Amino acid sequence: MIALTIDGIRIQAEEGETVLQAAKRAGIRIPTLCYLEGLSPRGACRLCLVEVRNWGGRLVPACATPVQEGMDVVAHSPRLLELRRAILEMLFAERNHICAFCVSNGHCELQDLAAELGMDHVRYPYRWLPFFVDLSHAKYGIDHNRCVLCGRCVRACAEVEGAATWGFSGRGIFTLVEADLGEPWGKSKTCTGCGKCVQACPTGALFEKGKATSEQRKKPEILAEVKERRPRA
Amino acid sequence: MPKLRVATVWFSGCSGCHMSFLDLDERLLEFAERAELVFSPIADIKEFPEDVDVVLVEGAVGNSEHLHMLLEIRKKAKVLVAFGDCAVTGNVSSLRNPLSREEVLRTVYGTEDPPGLEEGEVPKLLPHALPLHAVVPVDHFLPGCPPSADRIWKFLRPVLLGQKPALSGPDLKFG
């Protein structure tokens with residue numbers, strides 16, 4: 001067992017556990033977005049940044065940092081709240097997240113995080129770049145306007161379904177999640193149509209066709225259930 | 001205690017926030033006891049008055065008239081509140097922002113010379129529908145599309161009592 005403290009609380013953790021897992025067991029909530037139980041951690045969104053006091057105040061992503069003996073972790077502080085808010089605001093400014101006009105309105109992780117972290121407005125200028133919607137798939141659609149590039153769909157497809165249909169193309173804010181080598185989703189030869197990517201998506205970027213907003217509630221927990229062959233709840 | 005001088009303004013929005021304001025129902029009586037509505041789309045007053053204590057601004061800054069008016073009310077009002085998602089983020093009004101202003105107007109009106117393209121009887125449409133804080137300093141943000149009457153009251157009641165409003169958690173939710 002490894003002993004560490006998070007927000008001043010002494011915690012025992014298993015070797016190989018991440019700071020996020022240890023915090024969760026201790027009942028300490030750390031906000032996450034790109035992390036999803038059942039998928040490999042990626043540390044992409046930086047919302048779970050925590051400060052390790054005895055590492056010179058270094059900021060590390062809780063989801064991808066293994067616990068170490070004697071770690072003194074700060075998970076909640078004014079500095080961290082400000083950093084998390086800034087990250088969220090950049091995500092909102094980067095693409096066209098218009099909650100009132102989104103299929104995931106009311107059950108979106110990005111929208112919930114904004115409320116949780118007290119984001120009442122976005123201080124950065126919005127980019128308003130034009131992004132497209134691909135509705136070529138028979139059952140599902142992808143709206144790049146809503147994508148936060150968390151990669152949960154990419155990992156769900158590769159790690160759980162084993163199809164590796166999704167991947168990233170482009171660079172920086174122009175990065176797109178694309179099927180196969182940029183084919184319209186409906187023409188993908190590798191997509192099995194399982195829909196795990198849709199369930200994994202935290203926003204309205206991936207959605208089921210023919211379903212109203214109130215019917216679009218997703219079940220991201222199925223990824224861990226399938227991966228660990230848990231009995232269906 | 002003199003009555004608080006409150007104004008409400010309607011820019012590029014659907015008036016849903018004002019409908020939600022009217023949804024305050026019997027709470028409007030308490031509002032009327034503590035405040036005087038000195039300018040509003042639901043009151044027949046032509047000029048935005050001087051010395052306004054609090055102004056709730058619904059809608060994004062979509063055209064030259066909104067821009068002109070917002071600069072004026074910022075000078076005349078002590079406390080400016082972005083009222084609803086369009087005022088806070090641009091929201092539905094900003095759906096046109098990734099597209100060209102000219103293309104949007106020509107497509108919508110089906111003519112080469114649509115109103116709003118240039119300054120005329122209809123004010124000129126700005127290239128982007130802007131959130132208020134992109135133009136002037138904003139004192140408070142009241143998100144929601146529309147913010148529910150309960151949320152509006154949670155915000156407004158402390159203001160009427162001379163206290164600082166503080167919305168948090170679920171009361172900040174967009175959409």
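The centres of domain 1 of chain A and domain 2 of chain A, taken over C-alpha atoms, are 26 Å apart. The contact between them takes 12 residues from domain 1 of chain A and 20 residues from domain 2 of chain A, two residues being in contact if their C-beta atoms, placed from the backbone, lie within 7 Å. Domain 1 covers 2-76 and domain 2 covers 99-227; these bounds come from an automatic or database domain assignment.

This is a predicted model, in which local features need pLDDT of at least 70 and side-chain atom pairs count only at pLDDT 80 or more, while totals for chains, interfaces and linings use all residues. Residues are numbered from 1 along each chain as its sequence is written, and chains are lettered from A and ligands numbered from 1 in the order in which they are written.

Some values for chain A as a whole follow.

| Property of chain A | Value |
|---|---|
| Span of the C-alpha trace along its principal axes | about 50 × 45 × 35 Å |
| Buried residues | 39% of the 233 residues |
| Contacts with a separation of 6 or more that join residues 24 or more positions apart | 63% |

A residue is buried if 20 or more other C-beta atoms lie within 10 Å of its own, exposed if 12 or fewer, and partly exposed in between, with C-beta atoms placed from the backbone.

The largest nonpolar core has 104 residues, of which A:Cys153, B:Val55, B:Val57 and B:Ala82 touch the most other members. Such a core is a set of buried Ala, Val, Leu, Ile, Met, Phe, Trp, Tyr and Cys residues joined through C-beta atoms within 7 Å. Leaving aside residues up to four places away in sequence, B:Val55 touches B:Ala7, B:Val9, B:Ile73, B:Ala77, B:Leu80 and B:Val81.
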